Amino acid sequence: MPVTITLFWLLAALLLVMAVFIWRRHNSASRRRILALRRAVERLGGGDFQPIEPYLFPGELAPLAQDLAAAAARLGGEFQRISNERDFSAAVLAGMTEGVAVVDQAERILFANEAFAEAAGAPEARYRGRPLLEVARHSGLIEAVHRALSGAETVQTEVEFGTVRPRTFELTAAPVTATSARGAVLVLHDVTEIRRLERVRRDFVANVSHELRTPLTTIQGFAETLLSGALDDRKANLKFLQIIRDHAVRLGRLTDDLLKLSAIEGGSMTFRMEPVSVAALVEHCIEAVSLKARACGLEISRDLPADLPEVRGDSLRLEEVLKNLLENAVQYTRPPGTICLRAALEGGAVILCVEDTGIGIPSTDQERIFERFYRVDAARSREVGGTGLGLSIAKHIVEAHQGRLWVESELGKGSRFFVSLPVHQPETESAPSPLSAASPQTPG
C-alpha cells in the first residue's frame with residue numbers, strides 16, 4: 001500500500017512538471033508570434049510593405065495575421081500606384097517646354113522645372129526652398145503671384161527675361177489650395193518667336209507701304225502736272241514721262257521681288273537641281289554686270305582655281321544670287337576701287353566670295369542686312385532703284401540649295417560676301433528633276 005501511494009504522488013508530480021513545462025513553452029511561442037506581428041505592424045507604419053506569411057501564425061493568431069497580410073498587400077499596391085503617378089507627373093513637368101513652378105503662401109519655391117530655371121537664368125537645384133523674389137527679380141512676375149495668392153483669380157500677363165537676348169513669356173499664375181495650405185502654380189509659355197513674327201509682319205506692312213508711297217506719289221504728281229497743262233511743253237513732258245516710267249519700272253521690280261520672296265518662303269518656287277560649272281556661272285554673271293561696272297569706272301576681276309568641281313544647284317537661281325552681290329558691290333564702290341570674284345574648295349563645298357573695296361558695312365548692321373527692306377544707306381539704295389529685297393531673296397535661294405550666305409566687312413575698307421554651295425556628288429544623285437524649294441525661316 002505505501003508503495004502504491006508513493007508511485008501515485010510521483011506520477012502526479014511528473015504530470016504537474018510536464019504541464020508547467022508545456023504551458024511555459026506555449027506562452028513563449030505565443031509571445032514570439034505576437035512580437036513578430038508587432039514588428040510587422042511597425043514595418044507597415046514605416047512604409048515597408050513586404051508580404052506577411054499567415055502560416056507562421058497558427059491558432060488564434062491566424063485570422064489576425066491573414067487580415068494584416070491583406071492590409072499590407074493593399075497598402076503596398078496603393079503606395080506603388082501613388083509613387084508611379086508621382087514619378088510620372090514629375091517626369092512630365094520636367095520634360096515640358098513650358099516653365100512650371102509652385103510657390104507656397106510665403107512665396108517660397110516648392111518646385112521649379114528646368115524650363116522655368118532656364119527662363120529665370122539660374123540652375124534648377126538652387127530654386128527649391130528659396131523666396132521667389134531672390135531668384136526671379138521681375139516686378140510683373142512678383143505682382144502676378146501676389147494677386148494669385150491674395151485672391152481666387154487666375155492672373156495672365158506677359159513678362160520678359162534677359163537683357164542681351166531677351167525672351168518674352170506669357171505668364172499664368174493660378175491659386176491652388178491643398179487642405180489648409182495655399183499656394184500658386186506659375187506657368188511660363190515662350191512666345192518670343194510669336195512676338196517676333198508679329199513684329200516682322202508689322203514691319204513688313206509698314207515697309208511695303210513706305211516703299212510704294214514714294215513712286216506712287218511721284219507718278220501721281222507728275223501725271224497731274226501733265227494733265228494740268230505741261231503736256232503741251234514737249235521738253236517738260238518728255239522729262240516727266242521719263243520720271244513716271246522710271247518709277248513704274250521700280251514699282252514693277254518691287255512687285256516682282258515681293259512675289260519671288262513670297263514664293264520662296266511659301267515653298268512654291270521650284271528649283272531644277274543639276275550639276276553647275278562654277279567657272280561658267282562666274283563668267284555669265286561678270287558679263288552681265290561688266291557693262292554697268294565700266295560705266296561706273298570699275299573693273300571686275302576673277303580668281304578661280306582650274307580644278308574646281310561642279311556644284312549642285314539651279315544655274316539660273318545661282319546666277320541671280322551672284323548678280324545681286326556683284327551689282328551691290330558696283331553700287332557701293334567708288335572708282336578707282338576694285339571688285340573681285342574668287343572661288344575655292346573647302347571640304348565638300350565650293351566657297352564663292354565677292355570682294356570689294358567699297359564703303360563697307362558697320363558691324364551693327366551686318367546681322368540685319370539680309371532682312372527684308374533693310375538698307376544700310378537707304379537714300380543711296382533708293383536713288384539707284386533698289387528694292388531692299390535682293391539680299392533677303394539671295395539668302396533664301398542659297399539656303400534652299402543647302403548652302404550658306406554671310407558677310408565680313410569693315411567700315412570704310414570694303415566688304416566680302418561669301419556663298420557656300422555643296423559639291424555635286426554624281427554617285428549619289430539622280431538625274432536633274434524639278435524640286436520644290438525649302439522654306440527657310442524668314443530673317444528678322
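**Notebook: aromatic pairs, sheet and cores**

I looked up Phe161 to begin with: at 10% relative accessibility it counts as buried, where buried means under 20% relative accessible area, exposed over 50% and partly exposed in between, with a 1.4 Å probe and protein chains only. This is a predicted model, in which local features need pLDDT of at least 70, side-chain atom pairs count only at pLDDT 80 or more, and totals for chains, interfaces and linings use all residues. Residues are numbered from 1 along each chain as its sequence is written, and side-chain values use heavy atoms, with hydrogens and water left out.

Next I looked for aromatic pairs, meaning rings of Phe, Tyr and Trp (its six-membered ring) with centres within 6.5 Å; planes under 30 degrees apart count as stacked, over 60 as edge-to-face and the rest as tilted. I found a count of four. Phe161 and Phe169 form an edge-to-face pair, with 5.8 Å centre to centre and 65° between the planes. Phe169 is buried too, at 4% relative accessibility. Trp406 and Phe418 are stacked, at 5.2 Å centre to centre and 10° between the planes. I noted that Trp406 sits in strand β11 and Phe418 in strand β12, 12 residues apart. Both Trp406 and Phe418 are buried.

I then followed these strands into their sheet. Helices (H or I, at least four residues) and strands (E, at least two) are DSSP runs, numbered from the N terminus, and two strands pair if DSSP finds at least two bridges between them. The sheet is open, has five strands in the order β7-β9-β10-β12-β11, and shows mixed pairing. β7 (300–303) and β11 (404–410) each have a single partner strand, so one side of each is left without a neighbour in the sheet. β11 and β12 (residues 414–422) pair in the antiparallel sense over seven bridges. Within that pairing I looked up Ser409, whose bridge partner in β12 is Ser415.

Last I checked the cores, a nonpolar core being a set of buried Ala, Val, Leu, Ile, Met, Phe, Trp, Tyr and Cys residues joined through side-chain atoms within 4.5 Å. In the largest one, of 52 residues, Leu326 and Leu352 touch the most other members. Apart from it lies another core of 24 residues, including Leu132 and Leu171.

I also looked for disulfides, pairs of cysteine sulfur atoms within 2.5 Å, and the count is zero. Cys285 is buried at 0% relative accessibility, whereas Cys296 is partly exposed at 35%.
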